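Hi everyone, thanks for making time this morning. I'd like to walk you through one model, so please have a look at it on the screen while I talk.

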Amino acid sequence: MLVLGVESSCDETSVAIVKDGKVVLSNVINSQIKIHEKFGGVVPEVASRNHVYQVSLVFEKAFTDANVKPEDIDLVAVTMGPGLIGSLLVGVNAAKTFAMMYNKPIIGVHHLAGHIYANAIEHDMKFPCVALLVSGGNTELIYMKDHFQFEILGETLDDAVGEAYDKVARVVGLPYPGGPHVDKLAHLGKDTYNLPRVYLDDNSFNFSFSGIKSAVINLHHNAEQRGEEIDVNNLCASFQAAVTEVLVRKTFKLCKKLDVKNIIVAGGVSANQGLKERFNEENKDGFNICIPSIKYCTDNAAMIAVAGYYQYKNRPKLDDLTLNAYASLELE
Ligand code: KG4
């Protein structure tokens, strides 16, 4: 079964062709990072316009790379939300146009389901499992009894962890998106600043990252006022140590409570080296931990094609050309 995936929820225009939910024949990603870098974050209107410029070219390249003809596609899967509405609409309309032209079935996919199913490309997803979803807009702990059964058992009450990474990076003068830069510098420093581990020992499975973000901003601000030097490497290391400790310990705690052995880590922040290392270091109970390789961690259409494949197999409800995009969308 050949699935065409389309993703445009934020600042990446991506089209992929994936065979049987596993074999990635093409995964073309046009990133707008360079365009948004100078603004220190994604400018929604600029993002939508660039999706319009890129989408046809990216479609064309996905077919060339895969050496597949449009007639051979069995299903079109497109991100329908959540995300930036103008950006989403470009992908949804491009996917619907393709489906109409070639008379192909179409299915709308939740962006976060895409991140979770990025794991199915390189691993066999085992159930029941707990998914830790960490991205620029989300931080959630999700229980999955089986394919396409999502139960959110914990979430951030304020900032997403990726958002906190980007903010901290900005404060210490690193480029956007800051996560990878903070990760890199964290490996050159030590955990010397005593940053808060919010909700580490409470009974919920929720998170909060606005406190640690403010702590970093205050530390930086106070040092500047006193004319003191901040050790940026140590600050990044301290920030990373604090957030990864909370993420990893809460995930293990939930798994123990539910008696679940399988863990899936997903979303842009799953590319974080420190998070991977911490999961490995603290895995004393032999959990089976899946993390996608970096190219599938951040936004890409292969993950949407794979999620579309499993969504269709597990609850075969197709959409039609009235399919719409939604800025907010529950993961059902
Ligand atoms: O999943 P994603 O590509 O987009 C959505 O939010 O849906 O995630 C982007 C986020 C950004 O906040 C970025 O800074 C973060 O993922 N990120 C990282 C790393 N790579 C990307 N954060 C920490 N460490 C990384 N290595």
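Predicted model: local features only at pLDDT ≥ 70, side-chain atom pairs only at ≥ 80, totals over all residues.

Please look at β1, residues 2-7, beside β4, residues 75-81: four bridges connect them, and the pairing is parallel. If you want a landmark there, Val-6 stands opposite Val-78 in β4.

Now for the other sheet. What is the order of its strands? This open sheet also has five strands, and they run β8-β7-β6-β9-β10, again with mixed pairing. The strands β8 and β10 (288-290) are at the edges with a single partner strand each, so one side of each has no neighbour in the sheet. Neighbouring strands of this sheet are turned by 20° against each other on average, direction ignored.

Within that sheet, β6 pairs with β9, residues 262-266, in the parallel sense, over five bridges. Leu-133 is found opposite Ala-266 in β9. Then there is β7, residues 139-144, which runs antiparallel to β8, residues 151-155, with four bridges joining the two. In that pair, Ile-142 stands opposite Ile-152 in β8. These two strands, β7 and β8, form a hairpin with six residues between them, and Phe-148 in the turn has a positive phi of about 55°.

While we're on the backbone, where do the cis peptide bonds come in? One joins Phe-127 and Pro-128, with omega about -5°; Pro-128 sits in the loop between α5 (119-122) and β6 (129-134). Another joins Tyr-176 and Pro-177, with omega about -10°, and Pro-177 is in the loop between α6 and α7. Please also notice Asn-67, which is not a glycine but has a positive phi of about 55°. You'll find Asn-67 in the loop between α2 (44-66) and β4.

How many residues surround it? There are 19, and the closest are His-115, Gly-136, Asp-166, Gly-268 and Asn-272. Sorted by class, this shell holds five nonpolar, 11 polar and three charged residues. Both domain 1 (2-116 + 297-314) and domain 2 (126-291) contribute at least three residues each to the shell around the ligand.

Let's look at some individual contacts. A polar backbone atom of Gly-136 is 2.8 Å from an oxygen atom of the ligand. For Gly-179, a backbone N or O atom lies 3.1 Å from a ligand oxygen atom. With Asn-272, a polar side-chain atom is 2.9 Å from a nitrogen atom of the ligand. On its own the ligand has 550 Å² of accessible area, and the protein covers 88% of that. As for the elements, those giving two or more residues to the shell are α4 (111-117), α6 (161-171) and α7 (179-186).

Conventions
Residues numbered from 1 in each chain as written. Heavy atoms only, no water. Near = heavy atom within 4 Å. Polar contact = N/O pair within 3.5 Å; in protein donor to acceptor, adjacent residues only side chain to side chain. Areas by Shrake-Rupley, 256 points an atom, 1.4 Å probe, with all protein chains shown as cover. Nonpolar A, V, L, I, M, F, W, Y, C, P; charged D, E, K, R; others polar. Domains from an automatic or database assignment. Pairing = 2+ DSSP bridges. Axes fitted to C-alpha atoms, helices over the stretch in contact; angles between N-to-C directions.
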